[in-house]
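This report looks at one protein chain and a ligand beside it. Please keep the sequence and the 3D view open while reading.

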Amino acid sequence: ASYYEQYHSLNEIYFWMEEITKMHADLLQKIYVGSSYEKRPLYILKATHYREKDRVMKTLLQHLDFYVMPVMNVDGYDYTWTTNRMWRKSRSKHGDNKCIGTDMNRNFDAGWCGKGASHNDCHEIYCGPYPESEPEVKAVANFLQKHKNHIKAYITMHSYSQMVLFPYSYTKNKSKDHDELLRVANKVTDAIRTTSQKIYDSGPGAQTIYLAPGGSDDWAYDLGIKYSFTFELRDKGTHGFLLPTNLIKPTCIEALTGIKMIALHVIKNI
Ligand code: 0X9
Ligand code: ZN
């Protein structure tokens with residue numbers, strides 16, 4: 001199996017980011033955007049310009065740049081390799097809290113800590129002591145804020161449940177772009193069904209999965225980034241968060257199909 005069909009430790013991913021950006025210095029840039037609670041660096045890769053073999057990718061890269069953050073929760077990710085494979089939260093400790101970790105997808109300043117999040121630091125969906133209390137969340141929010149005028153779309157990759165979600169998740173109210181976002185999400189799930197026979201559901205987060213305030217998708221949307229999505233990748237619960245290695249590749253192909261559909265829609269509407 002290739003490098004991309006295996007799971008990698010955080011240090012391997014750091015090494016890979018360094019190597020790939022050196023190897024393709026003409027197309028790729030590594031941008032330092034801040035540091036984690038445990039002082040690890042946070043990086044975003046920027047991919048520019050074509051010289052691409054894939055026809056659709058070439059068209060997309062002629063019109064758009066892609067920013068990719070391979071790992072946002074660097075501390076938590078490392079902890080899943082050293083100590084607890086199922087760790088979800090950050091690794092921060094606040095004040096006299098009893099427990100470690102804030103749910104980064106409850107820590108953005110969008111309907112922060114309403115119904116669907118918890119003020120209890122020992123819970124998996126702890127929203128943190130205040131919005132953007134997590135340095136990783138602050139770093140992503142700052143980056144989006146700084147680039148909001150030229151960011152056309154935002155996609156955050158999660159697992160699992162096979163869904164394409166869009167705002168809102170902090171309220172059951174429809175967003176003002178609901179109809180268009182539903183059309184785009186349906187284009188994504190249709191394309192995935194055609195290419196991989198896998199069923200993904202689509203809809204606004206609060207109605208489709210559950211109320212979950214403080215998410216990055218809702219925050220990016222309210223910042224003015226209309227095409228804001230959460231992909232919940234494979235599977236639907238058979239393996240859950242422990243997706244077997246042989247399913248990495250087909251899952252990535254689905255994710256990429258979705259990204260392409262969104263990017264094509266964005267290009268048409270620039
Ligand atoms: O609960 C979440 O944060 C996401 N599901 S997961 O199992 N990957 O944790 C759903 C996120 C949907 N979007 C927002 N809540 N904004
Ligand atoms: Zn998630």
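The model is predicted.

**Around the ligand**

The shell around ligand 1 holds 13 residues, of which Asn105, His158, Ser169, Ala212 and Gly215 come nearest. By residue type, the shell has seven polar, three nonpolar and three charged members.

**Two helix pairs**

Two packed helices are described by the angle between their axes and the distance between the axes. The table gives these values for two pairs in the model.

| Helix pair | Angle between axes | Distance between axes |
|---|---|---|
| H4 (residues 135-147) and H7 | about 25° | 11 Å |
| H5 (residues 178-196) and H8 (residues 248-268) | roughly 140° | within 9 Å |

Helix H4 and helix H7 pack at about 25°. Angles under 35 degrees count as roughly parallel, so H4 is roughly parallel to H7. The crossing of H4 past H7 is right-handed. On the H4 side, the contact is made by Val140, Ala141, Leu144 and Gln145, and on the H7 side by Ser216, Trp219, Ala220 and Leu223. Six of the contact residues are nonpolar and two are polar, with no charged residue.

Helix H5 and helix H8 cross at roughly 140°. This pair is therefore oblique. H5 also passes H8 in a right-handed crossing. From H5, the residues in the contact are Val184, Lys187, Val188, Ala191, Ile192, Thr195 and Ser196; they meet Pro250, Ile253, Glu254, Thr257, Gly258, Met261, Ile262 and His265 of H8. Here the contact residues divide into eight nonpolar, five polar and two charged.

Isoleucine 225 lies in the loop between H7 and E7. Is isoleucine 225 buried, exposed or partly exposed? A residue counts as buried with 20 or more other C-beta atoms within 10 Å, and as exposed with 12 or fewer. Isoleucine 225 has 18 C-beta neighbours inside 10 Å, so this residue counts as partly exposed.

Leaving out residues up to four places away in sequence, isoleucine 225 touches Lys148, Ile151, Ala153, Tyr154 and Ala220. Isoleucine 151 is 74 residues from isoleucine 225 along the chain, yet their C-alpha atoms are separated by 6.7 Å. Another of these partners, Ala220, also belongs to the H7 side of the contact with H4.

How values were computed
Residues are numbered from 1 along each chain as its sequence is written. Chains are lettered from A and ligands numbered from 1 in the order in which they are written. This is a predicted model: local features need pLDDT of at least 70, side-chain atom pairs count only at pLDDT 80 or more; totals for chains, interfaces and linings use all residues. A residue is near a molecule or strand if its C-beta atom, placed from the backbone, lies within 6 Å of it. Ala, Val, Leu, Ile, Met, Phe, Trp, Tyr, Cys and Pro count as nonpolar, Asp, Glu, Lys and Arg as charged, and the others, Gly among them, as polar. Axes are lines fitted to C-alpha atoms, for helices over the stretch in contact, and angles run from 0 to 180 degrees between N-to-C directions. Helices (H or I, at least four residues) and strands (E, at least two) are DSSP runs, numbered from the N terminus. Angles under 35 degrees count as roughly parallel, over 145 as roughly antiparallel, 65 to 115 as roughly perpendicular and the rest as oblique. A crossing is left-handed if the near helix is turned anticlockwise from the far one by less than a right angle, and right-handed if clockwise. Two residues are in contact if their C-beta atoms, placed from the backbone, lie within 7 Å.
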